[in-house]
Amino acid sequence: MVPNLNHWSLEINEDNILWLTFNRKDSSVNSLNESTLREFDQILDRINEQSEIKALIISSGKKSGFIVGADISQFKSLSNAQEATELIREGQKIFNKLEQLKIPTIALIDGVCLGGGLELTLACNYRIAHDSPKTRLGLPEVKLGIQPGWGGTVRLPKLIGAKAAMEVILSGRTLSAKSAKKMGIIHEALPLRLLLKAARHYALASIDKPKFEWQKYTNYGLSRKILGNLIKQKLKQKVNPTHYPAPFKIIENWVENGITLPKAMDVEAESIGELLVSETSRNLVRVFFLQEQLKSLGKNIEYKPQHIHVIGAGVMGGDIAAWCAIKGFNVTLQDQGPHLIGNAVKRTYDLAMKQLKEKHLIQQVMDRLMPDPKGIGISKADIIIEAITEKLQAKQELFSMLEKSAKPQAILATNTSTIPLEEIGMVLDNPHRLIGIHFFNPVAKMPLVEIVRSQSTSQAEIDKAGAFVRRIDKLPLVVKSKPGFLVNRILFPYMLEAMSLLEEGVSPTIIDKAATEFGMPMGPIELADAVGLDICLAALEKLATSKDIVVPEKLKTCVAKGELGQKTGKGFYQYKKKRALKPKLLPTETIPNDIKDRLVIRLLNEAIACLREKIVSDADLLDAGCIFGFGFPPFRGGPLHYAHSHGLQTLLEQLKTLEARYGARFAPDKGWELGEQA
Ligand code: NAI
């Protein structure tokens, strides 16, 4: 029907239904780029010419899912907004052509269906999806600093009403097949065995178009003004429009133009054109690729552990065990007595409820998690993760025993935050087996896991640990076993500076505000309270033995008084129902103008030092570690990327000025002199 197709295959069955299968030839996932869209366009032209075709069913030939969206690598080459808008318009024209076909069109969705993929299906008459955990639908464009551009901001509000559509578009969140059906985005969410049957039914039966429902009124003029304003105010509480303009642009476009064609589509294309070449979007696209880079560790390793044994059922061990059980592993959890494991089991149940919701899935998690006070799992486990109290001798004794009792090929991992692996490994016959698998708190929320390698850790252990971390859906980053590894080491100078400011009498509210205005997810003072001041103090004292650090008196005093932060209801702030009661600023209170610079530059200085010391293997990985490890503002592209775009020389001068004013803690690291290599 259409000669020389690379990415699409066609089959006409006895009912004259055209089955169109998308299987991008040059990629393991289906994404839409110029060449795949050109072919799709040609196919649509031919369908228009062939009157015998009764219906079109579009599906995917990939196991990885339906369509992941537009091919993001295309964005990098766009040089200006006009070029970007033109590219978008081409896609819009093709999807309009699909929408205007005179035959029923059905999208058969199995697996991920995101961004441009979902927009393609919105141009179809019917959407039928496989009701499986792998099916996720959404318009995640805002996460890349852009907006849907192939009709998503027009067709979705038209289909399900503006309120629900805006929620989906502005959050960028993905939906299960069941939720998408409930919201009216898809027509069916079915088990696999019924999918083809249903698609055929929709293709051949004449099914009424959806009725005009009340939600559609939300797109009318006055409703747009009122609703738009409400949505914008709510969004402003969570998102800073200067940092992330895309969602605000989406609301503005919709309020001004609604879903009237062709104007709304034109505005959509122009708007995304501008966003695509913005600094924010370029940095968020960079972050997307950094994430892919982290995901690639251990990708080609054939390693399939089944059983994880976790020792220490406290804050970290309990949550690590819970997370592994939720991700499908059999887990044995050991502590010094059954009473110490009970709390972790209860937390696992709560987390499983939040994550999985369905009773039978929660039950499966609880069946996979086995309390094991006697450590019977040690000799059977494929991976042993130690998360006991941060004491060198206790850890050494434990690993000495583990080396003898564990399977010879089992990974022996520690979750230590501060003890160098070399010190723990001193007691081992084979220290190359010891590795750090360093989770962050809270485990369920923090995407990064540092894989800590000592001088003797073998590459085989690193690869296996990387593969395991990917299997539990976390992002692995290999770091050197030096005090603080990467994330804590970069974070601490910034937190220490915040505490210096506190000691100078600056209000914690101001300090935190300076940091969040820069884009940090939480200010450093609130962060210290959330981590626990006792934990901060212990980590700082450990770091102070190897680095020139003065532990702040204010921190010591709080800990001595038992004011440990959020968990005790008082730390640097007071807490009510776990919320910080931040003192209001007095009208007379002045904000020192170098406050943001002082916080940020110490962080950058440490990042430069870590790169020079090769704590991670390159600058991109360092940026990735900071973004996914402690939330360095993604729209700034990472600390080193930010330093480069800000100008290394300018920052170096700034450091020298601060050093002259405040002393040696601002002394520039030698790495700054390395210039472009930094
Ligand atoms: P925790 O004090 O909450 O829990 C430690 C648990 O280990 C306790 O339940 C204790 O009974 C148990 N334990 C002690 N010795 C044991 C032994 N020989 N055998 C079996 N169980 C034993 O401590 P937390 O905070 O969970 O820290 C654990 C490890 O994780 C430490 O190495 C810490 O540095 C590290 N870590 C802590 C983070 C945090 O935010 N709390 C973050 C990242 C790492």
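**Reading contacts, helices and sheets**

User: Which residues does Ser400 touch, not counting residues up to four places away in sequence?

Analyst: Ser400 touches Val427 and Leu428 once those sequence neighbours are set aside, where contact means heavy atoms within 4.5 Å. This is a predicted model, in which local features need pLDDT of at least 70 and side-chain atom pairs count only at pLDDT 80 or more, while totals for chains, interfaces and linings use all residues. Residues are numbered from 1 along each chain as its sequence is written, and side-chain values use heavy atoms, with hydrogens and water left out.

User: Where is the place of Ser400, and how many residues apart in sequence are Ser400 and Asn257?

Analyst: Ser400 sits in helix α15, residues 392-405; helices (H or I, at least four residues) and strands (E, at least two) are DSSP runs, numbered from the N terminus. From C-alpha to C-alpha, Ser400 and Asn257 are 69 Å apart in space, and they are 143 residues apart in sequence.

User: At what angle do helix α4 and helix α5 pack?

Analyst: Axes are lines fitted to C-alpha atoms, for helices over the stretch in contact, and angles run from 0 to 180 degrees between N-to-C directions. Here α4 (residues 152-160) and α5 (residues 162-171) pack at about 140°, and their axes are 7 Å apart. That makes α4 oblique to α5, because angles under 35 degrees count as roughly parallel, over 145 as roughly antiparallel, 65 to 115 as roughly perpendicular and the rest as oblique.

User: Which residues in α4 meet residues in α5?

Analyst: On the α4 side they are Gly152, Thr153, Leu156, Pro157 and Ile160, and these meet Ala162, Ala164, Ala165, Val168 and Ile169 in α5. The residues of this contact divide into eight nonpolar, two polar and no charged, where Ala, Val, Leu, Ile, Met, Phe, Trp, Tyr, Cys and Pro count as nonpolar, Asp, Glu, Lys and Arg as charged, and the others, Gly among them, as polar.

User: What order has the open sheet of eight strands?

Analyst: Strands of a sheet pair through backbone hydrogen bonds, either parallel or antiparallel. In this open sheet the order is β15-β14-β13-β16-β17-β18-β19-β20, with mixed pairing; two strands pair if DSSP finds at least two bridges between them. Its edge strands, β15 (369-371) and β20 (475-480), each pair on one side only, and neighbouring strands are turned by 25° against each other on average, direction ignored. Helix α13 (residues 338-356) packs on this sheet, where it touches β14 (330-334) and β15, and its direction makes about 165° with that of β15. Helix α14 (residues 359-368) also lies across β14 and β15, running at about 40° to β15. Within the sheet, β16 (residues 383-386) and β17 (residues 411-414) run parallel and are joined by four bridges, with Glu386 opposite Thr414 in β17.

User: Which peptide bond from Leu261 is cis?

Analyst: The bond from Leu261 to Pro262 is cis, with omega near 0°, and Pro262 is found in the loop between α9 (246-257) and α10 (263-276). Asn441 and Pro442 are also joined by a cis peptide bond, with omega about -5°, and Pro442 lies in the loop between β18 (434-438) and β19 (448-453).
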